[in-house]
Amino acid sequence: MKGQKLEDKDLEDKLHEFIKINYPDIDDYEYNISPDNETIRIIFKHDFSDSDKILKNIEEIDTLLNTKFISIESINGVTTFIHKFNTP
């Protein structure tokens, strides 16, 4: 089962704009939120090679989405970033 989507459309738009600006060669990605609303998975059909840029962008995504980075999975050209939402 696919997870939920971001409830805040403005936040979804900001995520899209962030990806568009930082990775203009990527036009196909998806994200989903776990059924328990604890994590978000951002999935790209792309191999990322610039580790310095990725580390910087992970911090920016954490700030944008109010999350904490958990891990990266990369299998056969599909890369998934997993972040956990910060709870009050």
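1. Two strands are said to pair if DSSP finds at least two bridges between them. In this predicted model, five bridges join strand E1 (residues 29-33) to strand E2 (residues 39-44), and the two run antiparallel. Glu30 stands opposite Ile43 in E2, and in the hairpin that E1 and E2 form, with five residues between the strands, Asn37 takes a positive phi near 60°. Strand E1 is mostly covered, since four of its five residues are buried.

2. The largest nonpolar core has 20 residues, of which Leu6, Ile40, Ile42 and Phe44 touch the most other members. Helix H1 (9-22), E1, E2, helix H2 (51-65) and strand E4 (78-85) each supply at least two residues of this core. If neighbours within four places in sequence are left aside, the contacts of Leu6 include Tyr31, Ile33, Ile40 and Phe85.

3. A search of the whole structure finds five aromatic pairs. In one of them, the ring centres of Tyr23 and Phe48 are 5.2 Å apart and the planes stand at 90°, so this pair is edge-to-face. Because Tyr23 lies in the loop between H1 and E1 while Phe48 lies in the loop between E2 and H2, the pair ties together parts that are 25 residues apart in sequence. Both Tyr23 and Phe48 are buried.

4. The rings of Phe44 and Phe81 are also edge-to-face, because their planes are at 90°, with the centres 5.8 Å apart. Phe44 belongs to strand E2 and Phe81 to strand E4, so this pair ties together parts 37 residues apart in sequence; Phe44 and Phe81 are both buried.

5. Ring pairs link Tyr23, Tyr29, Phe44, Phe48 and Phe81 into a cluster, and Lys53 lies over the face of Tyr23, at 4.5 Å from the ring centre.

Note on methods. Residues numbered from 1 in each chain as written. Predicted model: local features only at pLDDT ≥ 70, side-chain atom pairs only at ≥ 80, totals over all residues. Heavy atoms only, no water. Buried < 20%, exposed > 50% of the residue type's maximum accessible area, 1.4 Å probe, protein only. Core = buried A, V, L, I, M, F, W, Y, C linked by side-chain atoms within 4.5 Å. Contact = heavy atoms within 4.5 Å. Phe/Tyr/Trp six-rings, centres within 6.5 Å; stacked < 30°, edge-to-face > 60°. Lys NZ or Arg CZ within 6 Å of the ring centre and 35° of its normal.
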